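User: I'd like to learn how to read a ligand site and a few backbone features. Could you walk me through them?

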Amino acid sequence: MTATILVVEDEALIRLTLRERLAGAGHRVLEADTVAAALPHVRDGVDLILLDYKLPDGDGLTLMKQVREIDADVPVILMTAYSSIETAVEAMRQGAYDYVNKPFNLDELMLNVEKALETTRLRREVRAFRAGQGRPYGLDSMVGEAPAMRQLKEMLVRIAQSPASTVLLTGDSGTGKDLAAKIIHYNSARADGPFMNITCSAMPEQLLESELFGHERGAFTDARNRKKGLLESAHGGTVFLDEIGELSPAAQAKLLRFLEEKSFKRVGGSEDVRVDVRIISATNRHLEDDVKANRFREDLYWRLRVLCLDLPPLRDRHEDIPALLDHFVQVYNREFKRSVTGIEPAAVKALTHYAWPGNIRELRNAVERAMLMARGDVLALGDFQVVLPGEPVAAGGFRLPSEGVQFEDLERDLVVQALQRTGGNQTRAAALLGMNRDQIRYRIEKFGLAAGAAPEAAARRHDAKGDRDPVSD
Ligand SMILES: Nc1ncnc2c1ncn2[C@@H]1O[C@H](COP(=O)(O)OP(=O)(O)OP(=O)(O)O)[C@@H](O)[C@H]1O
Ligand SMILES: [Mg+2]
């Protein structure tokens with residue numbers, strides 16, 4: 001990466017040495033021998049400043065203060081001939097990125113320079129992301145400041161802006177893999193291209209292969225026409241393969257070939273189709289176990305893992321819970337046209353200690369339900385139906401009879417009852433069952449409870465304008 005580096009140094013020989021070395025590494029070098037000469041360059045914008053401590057018209061620390069006011073992100077490496085601890089400490093305290101003692105080792109300095117430039121790049125990227133606030137799936141739609149989350153967000157930024165063609169997202173159910181995939185897509189150069197999402201477990205093996213890669217006319221009995229697959233339709237965009245562990249061996253082989261050669265053949269076809277898409281895959285299972293059990297190709301596993309992001313479970317970042325609760329109160333205020341102002345402190349405390357096995361999805365559903373139940377403008381603990389530690393699990397719930405149950409019948413029956421009780425209101429019926437609306441809609445369709453309901457398509461298309469509801473799954 002070529003950067004613009006400002007060298008502020010009154011000794012011409014040192015300037016020359018630095019210029020040769022930095023220019024040799026491909027950077028553009030600007031020089032100044034006084035504070036006064038340096039400032040205009042800083043105003044024009046530089047990526048890094050190498051700053052001598054003692055200058056004819058002032059000291060480095062004074063200049064650093066002025067630099068901070070002009071550009072808070074640019075790193076400064078202070079060079080000092082006086083190896084006093086106090087100067088160093090003061091420099092770092094005032095926000096120097098690093099300092100070196102003269103005479104310095106050029107190789108070491110160059111390492112520091114590259115590290116500092118990487119920092120500038122990241123700081124600027126994060127800032128640009130934040131500036132894009134309000135944009136659907138901006139970085140700020142992912143709530144969480146726990147160290148693991150900060151790191152994750154930094155990685156999301158870098159990945160989004162990199163040309164990397166594959167990303168693997170791992171993490172328990174409800175930790176935000178879908179959200180992370182959309183953040184990557186909508187903050188990348190592909191944002192105006194399509195985002196296609198397919199849940200590999202939701203489809204029979206053979207169908208999945210032709211959904212992904214398309215098929216030629218006559219490839220199988222029902223194939224009356226040639227059909228484009230998801231990969232082709234997503235040209236210029238992103239394909240999100242959810243539950244990748246469920247891919248059939250044939251689809252795994254095809255995907256691997258695609259990742260390596262950027263081309264594939266449609267089912268029943270011989271022509272090589274080339275497309276430009278980024279593949280984001282996700283799994284909440286341990287793919288290594290599938291590899292060991294020979295259910296998942298090891299070569300594909302390693303190919304997918306090149307860039308892997310793990311989403312931490314909520315129990316490992318309790319500190320984020322209050323902010324998440326607030327976030328979803330705001331989300332449902334907008335959705336339900338309510339004006340709930342917050343949650344009682346005692347409730348926040350109790351909910352912060354809850355383990356949230358269903359992670360953020362469970363927390364979101366709990367807030368949704370509480371907002372549907374609560375009458376006042378402040379939510380109380382009683383409005384949340386989570387089982388807190390110390391309470392008996394499934395109190396008043398079902399006991400599995402010794403002869404067992406027909407689970408599907410029971411499920412259907414509960415959905416019917418919930419709909420009857422709420423006069424057919426799907427949102428409230430869903431809340432009664434601890435589901436979201438998608439989940440109840442899915443069951444309404446599955447059990448044929450809505451007149452004229454079409455079976456749900458397992459592949460969903462999200463184009464640049466569609467599906468931007470931050471609370472939909
Ligand atoms: N850090 C977060 N901040 C705000 N909302 C979040 C965050 N993480 C997830 N969500 C929301 O929580 C819900 C569940 O997240 P998501 O669907 O992304 O989980 P998932 O990891 O894909 O789960 P599964 O493995 O079950 O598919 C979504 O509504 C998502 O928008
Ligand atoms: Mg998901």
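**Reading the ligand site and the backbone**

Analyst: Happy to! Let's start with a contact: an oxygen atom of ligand 1 sits 2.6 Å from an N or O atom in the side chain of Arg364. Keep in mind that this is a predicted model.

User: How much of the surface of ligand 1 does the protein bury?

Analyst: On its own, ligand 1 exposes 630 Å², and the protein buries 95% of that.

User: Which backbone atoms lie close by, and at what distance from ligand 1?

Analyst: A backbone N or O atom of Val143 is 2.8 Å from a nitrogen atom of ligand 1. For Gly174, a backbone N or O atom lies 2.8 Å from an oxygen atom of the ligand.

User: What kinds of residues make up the shell around ligand 1?

Analyst: The shell divides into 9 nonpolar, 7 polar and 6 charged residues. Helices H7 (177-186), H13 (321-336) and H15 (359-373) each supply at least two residues to it.

User: Now the backbone: which peptide bond is cis?

Analyst: The general idea is that most peptide bonds are trans. Here, the bond from Lys102 to Pro103 is cis, with omega near -5°. Pro103 belongs to the loop between strand E7 (98-101) and helix H5 (106-131).

User: And which residues have a positive phi although they are not glycine?

Analyst: Most residues other than glycine have a negative phi. Asn294 has a positive phi of about 60°, and Lys337 one of about 50°.

User: Is Asn294 buried or exposed?

Analyst: Asn294 counts as exposed because its relative accessibility is 72%, and the cut-off is over 50%. Lys337 is exposed too, at 75%.

Conventions
Residues numbered from 1 in each chain as written. Chains lettered and ligands numbered in written order. Predicted model: local features only at pLDDT ≥ 70, side-chain atom pairs only at ≥ 80, totals over all residues. Heavy atoms only, no water. Polar contact = N/O pair within 3.5 Å; in protein donor to acceptor, adjacent residues only side chain to side chain. Areas by Shrake-Rupley, 256 points an atom, 1.4 Å probe, with all protein chains shown as cover. Helix = DSSP H or I, 4+ residues; strand = E, 2+ residues; numbered from the N terminus. Nonpolar A, V, L, I, M, F, W, Y, C, P; charged D, E, K, R; others polar. Buried < 20%, exposed > 50% of the residue type's maximum accessible area, 1.4 Å probe, protein only.
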